[in-house]
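Here's a walk through one model, starting with charged pairs and moving on to sheets and cores. Have the coordinates open as you read.

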Amino acid sequence: MAITAAQVKELREKTGAGMMDCKKALTECEGDIAKAVDWLREKGIAKSAKKEGRIAAEGLTRVAVSGNTAVLFEVNSETDFVSKNEQFLGLMNTLQEAILANKPASTEEALNIQTAEGTINDLIINATATIGEKISFRRVAVVEKADDEIFGSYMHMGGSISAVVVVKGTADATVAKNLAMQVASMAPKYVSQAEVPSEEVEHERELQLQMMKADPNMAKKPEKVLEGILKGKVDKHFKDQCLLDQEYFLEPKTKVSQFLKDNKAEVVTFVRFQTGEGIEKREENFAEEVAAQMAK
């Protein structure tokens, strides 16, 4: 009998198995959804659906460059061990090729990219079923540069951290790569303090002001002096978050801004992904939201 797309879709939703696996199961079971579910379970394929609630905070990031395009993406697994196996690494290679070719504007768009083995979403579902852990495609970023700019890219420990930097004013690939290593190791949030959102600056200013008011040593200081101290505290807070203000990792007494000046270079932008960053916090927030809803 002919198997319809609607049947395949229904079975995928019930089991989390891949499209081709669902089609095969339905063919084997003559279109009977219930029997097909059992067939997939017997083959160990449907177990991927049970893993959806688990936290996948390990895995790898990847950065790849082709011409004027660089892409970064992150795929998570439940354990660090899985991210080192050949199937997972093969998945990363397949995703890299597909993402570079298609330049998706969002994670959702990336998941819908077609490959020779189905969509990227299909590949992730199939990997979850065959590897035996929850695998998830977490995020993607596409960075474009001009012809007179260069990329610096770096992956730490095979992809625990990936970074790419766009540099102009120099053609020195070593300078660009060292800046990518700086971004990877020192984790700046902004290129300079000029990029810090005004609301973030105001929030930090108010926080520091409240701490100063609670400090008895500040009570007798003149208002002008207090303003200077407050400015200094706010500047210090953002110093490590801004690339130009950081100490250059290869020459600790030299600022990154000086390193750039010495090499007649300028950083246009950068992107940094670290495996699992922020995942635990989001899970905690989600748990708090659920508890709050249940208490109503």
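Arg 139 and Glu 277 form a salt bridge, with their closest N and O atoms 2.6 Å apart. Arg 139 sits in strand β5 and Glu 277 in the loop between β10 (266-274) and α11 (279-295), so this pair ties together parts that are 138 residues apart in sequence. A salt bridge here is a side-chain nitrogen of Lys or Arg within 4 Å of a carboxyl oxygen of Asp or Glu. Helices (H or I, at least four residues) and strands (E, at least two) are DSSP runs, numbered from the N terminus.

Before going on, some ground rules: this is a predicted model, where local features need pLDDT of at least 70, side-chain atom pairs count only at pLDDT 80 or more, and totals for chains, interfaces and linings use all residues. Residues are numbered from 1 along each chain as its sequence is written, and side-chain values use heavy atoms, with hydrogens and water left out.

**Salt bridges**

How many salt bridges does the structure hold? There are nine. Three of them are set out here.

| Pair | Closest N to O distance |
|---|---|
| Arg 139 – Glu 277 | 2.6 Å |
| Lys 231 – Asp 235 | 2.8 Å |

For accessibility, buried means under 20% relative accessible area, exposed over 50%, and partly exposed in between (1.4 Å probe, protein chains only).

Lys 231 and Asp 235 are a within-helix case: both lie in α9, four residues apart, or about one turn of the helix. Lys 231 is exposed, with a relative accessible area of 54%, and Asp 235 is partly exposed at 27%. Elsewhere, salt bridges that share partners join Glu 74, Arg 138, Arg 139, Arg 272 and Glu 277 into one network.

Strands of a sheet pair through backbone hydrogen bonds, either parallel or antiparallel. In this model, β1, β2 and β5 make an open three-stranded sheet in the order β1-β2-β5, with antiparallel pairing; two strands pair if DSSP finds at least two bridges between them. The edge strands are β1 (58-66) and β5 (136-144), each pairing on one side only. Neighbouring strands are turned by 10° against each other on average, direction ignored. For angles, axes are lines fitted to C-alpha atoms (for helices, over the stretch in contact), and values run from 0 to 180 degrees between N-to-C directions.

Nine bridges join β1 to β2 (residues 69-77), and Gly 59 has Asn 76 in β2 as its bridge partner. Is Asn 76 buried or exposed? Asn 76 is buried, at a relative accessible area of 1%. Its side chain makes a polar contact of 2.7 Å with that of Glu 74. (A polar contact is a pair of N or O atoms within 3.5 Å; within protein, one must be able to donate a hydrogen and the other to accept it, and residues adjacent in sequence count only if both atoms are side-chain atoms.) Leaving aside neighbours within four places in sequence, Asn 76 is in contact (heavy atoms within 4.5 Å) with residues including Gly 59, Phe 88, Arg 138 and Ile 279.

**Cores**

A nonpolar core is a set of buried Ala, Val, Leu, Ile, Met, Phe, Trp, Tyr and Cys residues joined through side-chain atoms within 4.5 Å. The largest one has 23 residues, and those with the most contacts inside it are Val 75, Leu 95, Ile 99, Ile 135 and Phe 137. β1, β2, α4 (86-102), α6 (120-131) and β5 each supply at least two of its residues, with the largest share, seven, coming from α4. A second, separate core of 21 residues includes Leu 179, Val 183, Leu 243 and Val 256.

**The other sheet**

Strands β6, β7 and β10 form an open sheet in the order β6-β7-β10, paired antiparallel. Its twist averages 15° from one strand to the next. Helix α7 (residues 173-186) lies across β6, β7 and β10, running at about 45° to β6.
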